[in-house]
Amino acid sequence: MNETTHNIEVWKDKLVGYVIDHAGALISATVVVIVGFLAARWLGRLLDRWLTRKAMEPPMRTLLVRIARLITLLLALVVALGTAGMDVTALIAGVGVVGVGIGLAVQGVLGNLVAGLTIIFTKPFRVGEYIEIAGVQGQVKSIELFSTTLLHTDQSRVVIPNRKIVGEILHNYGAIRQLDLSVGVAYGTNLNEALTLVRALLEQNPRILKDPAPVVGVSLLADSSINIAVKPWAKVIDYVPAMAEVNQAIVEIFRKSGVSIPFPQREVRLLDGK
């Protein structure tokens, strides 16, 4: 028998002896861990229901529930280790030293965590709002401790590390967005009639918000047309459908009313060189 095998046998005998000598304490420690796990789940559900009744925002509610569960599990683990006969004081000191080393190794992760807590407490944006930041934009679907998830208009998801959000310039559209449309009419068009037609079709579209009122007016005297700006507001979820519906409605009502939408054109004259 070589030395390695001998050492394994010695440690195995010590382990078996320890289990036999401390069987009662180990069973008690196991029971404490199980009870602590069940208590953490029960406390988490209870706290979640209570915070929901208080109308607390989902990110903050999730954070508090996780902290409560983690603290309960840690307390149960410390009690279980003490029950098993371990020196808890020395263990806590050792965990502290290891924690410092881990903290230095995962600075990026901790940066995301601190940034996540900053976002949750300062609330620069909320779930459901439409934001633009760090070169991307979308509707906020979730705010987690380490990242924030946006839903783009094409239904793709954008996951942003929280440290990329804090300290950056944030454009928060809120729960509504303003459409930025434009249509050109011929210079001979009755502008008051054209503006009235546009306002009427916006009034009839259920996706267009009445408050704030749509902005409709002449925006540019172009080479071939008079451009009319059409800038109504719609809910974030209705932004893309509303844009398509309004554009189609403008074309149809202008055709029906005889309002001309000119296309760019140039007049070329050939001069006799004689």
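How many helices and strands are there in the protein chain? The chain has 7 helices and 10 strands, where helices (H or I, at least four residues) and strands (E, at least two) are DSSP runs numbered from the N terminus. The model is predicted, and local features need pLDDT of at least 70, side-chain atom pairs count only at pLDDT 80 or more, while totals for chains, interfaces and linings use all residues. Residues are numbered from 1 along each chain as its sequence is written, and side-chain values use heavy atoms, with hydrogens and water left out.

For the chain as a whole, 28% of the 274 residues count as buried; buried means under 20% relative accessible area, exposed over 50%, and partly exposed in between (1.4 Å probe, protein chains only). The accessible surface comes to about 17900 Å², and 62% of that surface belongs to carbon and sulfur atoms. These areas come from the Shrake-Rupley method with a 1.4 Å probe, and for residues only the protein chains shown count as cover. Among contacts (heavy atoms within 4.5 Å) between residues at least 6 apart in sequence, 64% join residues at least 24 apart.

One part of the fold is an open sheet of 5 strands, with antiparallel pairing and the order β4-β3-β2-β1-β5. Its edge strands, β4 (157–161) and β5 (171–174), each pair on one side only. On average, neighbouring strands of this sheet are turned by 40° against each other, direction ignored; the axes are lines fitted to C-alpha atoms, for helices over the stretch in contact, and angles run from 0 to 180 degrees between N-to-C directions. Strands of a sheet pair through backbone hydrogen bonds, either parallel or antiparallel. Two strands count as paired if DSSP finds at least two bridges between them. Strand β3 (residues 147–151) pairs with β4 in the antiparallel sense over 5 bridges, and Leu-150 stands opposite Val-158 in β4.

Helix α3 (residues 58–83) gives the largest share of the patch, 3 residues. Leu-77 is found in helix α3 and counts as partly exposed because its relative accessibility is 43%.

Val-35 lies in helix α2 (residues 23–53) and is partly exposed, with a relative accessible area of 48%. The C-alpha atoms of Val-35 and Leu-73 are separated by 9.5 Å, with the two residues 38 apart along the chain.
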